[in-house]
Amino acid sequence: MSNNRTRSILTATAAVILAASAIGGTAAAQAAGNNDQQQGNNAESGSHNETNTALADDFNGVDRSTNWQQTSKLKLNFPTFHTEGIAYSQDHIFLSAVQIIEPTKKFPTPQNGFDRTPGKGIGHLFVMDKAGNLQKDIILGEGDMYHPGGIDFDGTNVWVPVAQYRPNSSAIVYRVDANTLDVHKQFEVNDHFGGIVMDKQTGHLVGNTWGSRRFAEWDLQGKQLSTWENPNYFIDYQDCQYVPSSKMLCAGITNLPQTPGAGGTGATYELGGMAMVDLKSRSVIRDVPFQQWSTAGHVATRNPFKMTADGNHLTMKVAPDNGDEGNGTEILTYEATVTPAK
């Protein structure tokens with residue numbers, strides 16, 4: 001056999017082996033194989049370069065004295081109902097929301113493990129251009145599962161949990177292709193999960209339950225790999241995002257009773273805040289309050305929340321007001337300059 005023919009056979013064999021290896025990659029590799037190169041270094045695109053720790057470093061420089069300045073308001077001119085989560089891709093803004101048809105009602109005593117009726121509603125994932133113009137209204141949910149929660153964009157897909165509007169219930173995890181807007185029902189879980197992120201290091205999904213009192217981790221087939229209690233009681237996380245490496249940044253709210261002179265338990269006070277959670281140690285690395293207010297008088301971190309970093313400059317996007325409140329839903333932008341952690 002000639003040397004040339006031998007080299008040709010070896011080259012072809014190597015190509016077949018490489019192709020088979022690529023096809024047989026793990027689920028984690030498929031999940032992590034997003035279009036980071038296509039998206040470039042645009043922080044708002046949602047791409048997660050594991051070597052870029054700017055957001056984690058910058059957030060570790062945030063404290064109660066950080067000077068957040070509201071720099072813009074983007075008014076949304078379509079019915080948005082009760083907003084839940086927000087995410088940004090290269091071309092789109094995604095906003096999840098629940099439209100309540102029939103409110104839930106508390107039972108005098110729990111029935112069949114539930115503390116309230118299921119109510120009725122419609123789950124929405126609004127797709128907008130960067131100017132806030134509605135491009136598509138994706139309806140998500142089945143039966144009593146109509147409540148979308150906090151969402152995350154992994155560079156390729158938007159992950160959306162849609163749960164019953166009551167604790168200790170059930171939820172569906174959806175995957176929405178950010179380019180084609182095709183919807184895939186990924187799996188169902190037996191609990192209310194109101195937020196989700198994709199851990200780009202493991203290719204696993206991490207969700208938080210009602211009030212964010214518990215976290216769970218799944219593979220992409222929905223197999224629960226672990227669960228743990230939230231060690232933090234400062235706020236209930238409403239919307240989270242993945243932060244390199246193996247962290248998630250969350251924002252949320254808790255309603256606290258006022259003093260008796262200000263109305264007592266019947267007049268609650270909205271406490272807002274943000275927290276960064278280490279997905280390896282499962283500990284809260286840093287949490288800080290945030291007390292700026294929307295047009296309708298809600299604390300700004302009430303529901304939809306996402307943050308990006310550029311050098312030592314942080315930009316936060318929030319949309320705390322419902323469509324029927326104040327001036328309707330506005331996407332508010334806050335910015336701050338910090339001293340990054342070393």
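Predicted model: local features only at pLDDT ≥ 70, side-chain atom pairs only at ≥ 80, totals over all residues.
Residues are numbered from 1 along each chain as its sequence is written, and side-chain values use heavy atoms, with hydrogens and water left out.

Back to Leu256. Its place is in strand 18. Together with Tyr269 and Trp293, Leu256 makes a nonpolar patch on the surface, with about 260 Å² of accessible area between them. Patches take residues with over 30% relative accessible area and no salt bridge; like charges are joined within 9 Å, and nonpolar side chains (Val, Leu, Ile, Met, Phe, Trp, Tyr) within 5 Å. A salt bridge, by the way, is a side-chain nitrogen of Lys or Arg within 4 Å of a carboxyl oxygen of Asp or Glu. The areas come from the Shrake-Rupley method with a 1.4 Å probe, and for residues only the protein chains shown count as cover.

Now zoom out. The chain has four helices and 23 strands. Those are DSSP runs numbered from the N terminus: helices are H or I with at least four residues, strands are E with at least two. Of the 342 residues, 50% count as buried. The chain exposes about 15,400 Å², and carbon and sulfur atoms supply 49% of that.

So what sits inside? The largest nonpolar core has 23 residues, and Trp68, Met274, Met307 and Met316 touch the most other members. The elements giving two or more residues to this core are helix 4 (54–59) and strands 18 (247–257), 19 (268–278), 21 (305–310), 22 (313–318) and 23 (330–337). There's also a second, separate core of 17 residues, which includes Val160, Val162, Tyr174 and Ala178. A core here is a set of buried Ala, Val, Leu, Ile, Met, Phe, Trp, Tyr and Cys residues joined through side-chain atoms within 4.5 Å.

Valine 288, in strand 20 (residues 283–289), counts as buried at 4% relative accessibility. Beyond four places in sequence, Val288 touches Phe59, Val62, Asp63, Phe234, Gly273 and Met274, where contact means heavy atoms within 4.5 Å.

Phenylalanine 187 is in strand 12 (residues 183–189) and is buried too, at 6%.

Asparagine 208 lies in strand 14 (residues 204–209). Buried or exposed? Asparagine 208 counts as buried, at 3% relative accessibility. Its contacts beyond four places in sequence include His192, Phe215, Tyr237 and Cys240.

Last stop, a hairpin. Strand 6 (residues 120–128) and strand 7 (residues 134–140) run antiparallel, joined by six bridges; strands pair if DSSP finds at least two bridges between them. Leucine 125 has isoleucine 138 as its bridge partner in strand 7. Five residues lie between the strands, and glycine 132 takes a positive phi near 85 degrees in this hairpin.

Technical notes: Buried < 20%, exposed > 50% of the residue type's maximum accessible area, 1.4 Å probe, protein only.
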